[in-house]
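Subject: Structure handover

Hello,

Here is the structure I promised to pass on. Please open it beside this email; my notes follow below.

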Amino acid sequence: MDEIRIQDLEVYCHHGVLKEENVLGQKFLVSLILYTDIRKAGESDDLSFSIDYAEVSHFVECRMKEKNYRLIEAVAEHLAEDILLEYSLVKKVCVELKKPWAPILLPLDTVSVRIERGWTQVYLSVGSNMGDKETHIREAVESLRQDNKICDVAVSDLIETEPYGFTEQENFLNGAVSLKTLYSPYELLERIHEIEKEGKRERKVHWGPRTIDLDILLYGDEVIQTETLTIPHREMTLRRFVLEPLKQIAPWVKHPVLGETVAELERKVRESEK
């Protein structure tokens, strides 16, 4: 990915733990790496296909002066998010925030924090087997679309499948969702639980009936195994009702552990059912 760099932009503002820092203010140095694709801008010599670094610099100054934070970690975090939400051509951003006048009563050059944040490609499964199933799914997807930390939402066709596990219940409508997000994996898990709650989901019976069910299948190339979250989803490779719609929107995406594509995994499950 190409880079546009802004190095040591000086901004005078009022962030800090000490009262004097909030009142008197101090100088901060901001360095950015904006990850984007500038090929079209380079070929056309047209700024509309790139990112105006002068505009970004003034945007940074404005944001840093709008609100006071105690920690430079908080300044960097909010600044990264603001840039990603404001400039659609920025796919990832590195923010380094230096504090040359840090009040530690010892000689130093700067104290700094450096973070990288960006949009991550995610795939979810979605299902419902209570009430107006299609409406439940449509409303859940719309909630995803209305979230400003989620973009590029696409949905597969919905397929009807028999229940898995606890079988004495209605058939399901199942689909897959592709999206990009600024949420971390755990933040996204919390967000989809909120959407399930909005859809009156009740977790009473494991694999039981539900108005809406959302699961994280893949989160970039992340591999996570904890008590609360497993990515890739531990059973996605066993469920054709997950892989079949996922294949429709992401056939060439590879499972980060197995190294096989979604299309290959779906074919294996389908053949095992014969």
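A word on naming before anything else: helices (H or I, at least four residues) and strands (E, at least two) are DSSP runs, numbered from the N terminus. Please also keep in mind that this is a predicted model.

**Overview**

The chain has eight helices and 11 strands. Its C-alpha atoms fill a box of roughly 70 × 45 × 30 Å along the principal axes. Of the 274 residues, 45% count as buried. Among contacts with a separation of 6 or more, 63% are between residues 24 or more positions apart.

**The four-stranded sheet**

Start with the open sheet of four strands. Its order is β1-β2-β3-β4, and the pairing is antiparallel. β1 and β4 stand at the edges with a single partner strand each, so one side of each has no neighbour in the sheet. Neighbouring strands are turned by 15 degrees against each other on average, direction ignored.

β1 and β2 run antiparallel and are joined by 10 bridges. Tyr12 stands opposite Lys27 in β2. Two helices go with this sheet. α3 packs on it and touches β1, β2 and β3; the direction of α3 makes about 40 degrees with that of β1. α4 lies across β2, β3 and β4, and runs at about 30 degrees to β4.

In soluble globular proteins, nonpolar side chains tend to be buried together. Which residues touch the most other members of the largest nonpolar core here? They are Leu32, Leu34, Met64 and Ile83, in a core of 30 residues. At least two residues each come from β1 (2–13), β2 (26–36), α3 (53–66), α4 (72–86), β3 (92–99) and β4 (111–118). α4 gives the largest share, seven residues.

Leaving aside neighbours within four places in sequence, Leu32 is in contact with Ile4, Arg5, Ile6, Val56, Val60, Ile83, Cys94 and Val95. Apart from this core lies another, of 24 residues; among them are Leu173, Leu188, Ile212 and Tyr219.

Helix α6 covers residues 185–198. At 1.5 Å a residue, its 14 residues should span 20 Å; the end C-alpha atoms are 20 Å apart, which agrees. Pro185, Leu188, Leu189, Arg191, Ile192, Ile195 and Glu196 of α6 are buried. Seen down the axis, these buried residues fall within an arc of 165 degrees, so they line one face of the helix. Glu190 and Lys197, on the other side of α6, are exposed.

Strand β9 (residues 213–219) has six of its seven residues buried, so it is largely enclosed by the rest of the structure. β9 pairs with strand β5 (residues 120–128) in the antiparallel sense, over six bridges. Within that pairing, Tyr219 in β9 is the bridge partner of Val122.

**Backbone points to check**

Most residues other than glycine have a negative phi, and most peptide bonds are trans.

- Asp45 is not a glycine, yet has a positive phi of about 60 degrees. Asp45 is in the loop between α2 (39–44) and α3. With a relative accessible area of 73%, Asp45 is exposed.
- Asp152 has a phi near 55 degrees, again positive in a residue other than glycine. Asp152 is in strand β6 (residues 150–155). Its relative accessibility is 51%; over 50% counts as exposed, so Asp152 is exposed.
- The peptide bond from Ile231 to Pro232 is cis, with omega near -5 degrees. Pro232 is in the loop between β11 and α7.

**Two single residues**

Leu24 belongs to helix α1 (residues 19–24). Is Leu24 buried or exposed? Leu24 is exposed, with a relative accessible area of 60%. Not counting residues up to four places away in sequence, Leu24 touches Tyr12 and His14. Leu24 and Cys13 are 11 residues apart in sequence and 8.6 Å apart in space, C-alpha to C-alpha.

Thr237 lies in the loop between β11 (230–231) and α7 (240–249). Beyond its neighbours within four places in sequence, Thr237 is in contact with Leu243, His255, Leu258, Leu265 and Val269. Thr237 and Glu190 are 47 residues apart in sequence, and their C-alpha atoms are 24 Å apart in space.

Best wishes

Definitions and conventions:
Residues are numbered from 1 along each chain as its sequence is written. This is a predicted model: local features need pLDDT of at least 70, side-chain atom pairs count only at pLDDT 80 or more; totals for chains, interfaces and linings use all residues. Side-chain values use heavy atoms; hydrogens and water are left out. The expected span of a helix is 1.5 Å times one less than its number of residues. Buried means under 20% relative accessible area, exposed over 50%, partly exposed in between (1.4 Å probe, protein chains only). The arc is that of the directions from the helix axis to the C-beta atoms. A nonpolar core is a set of buried Ala, Val, Leu, Ile, Met, Phe, Trp, Tyr and Cys residues joined through side-chain atoms within 4.5 Å. Contact means heavy atoms within 4.5 Å. Two strands pair if DSSP finds at least two bridges between them. Axes are lines fitted to C-alpha atoms, for helices over the stretch in contact, and angles run from 0 to 180 degrees between N-to-C directions.
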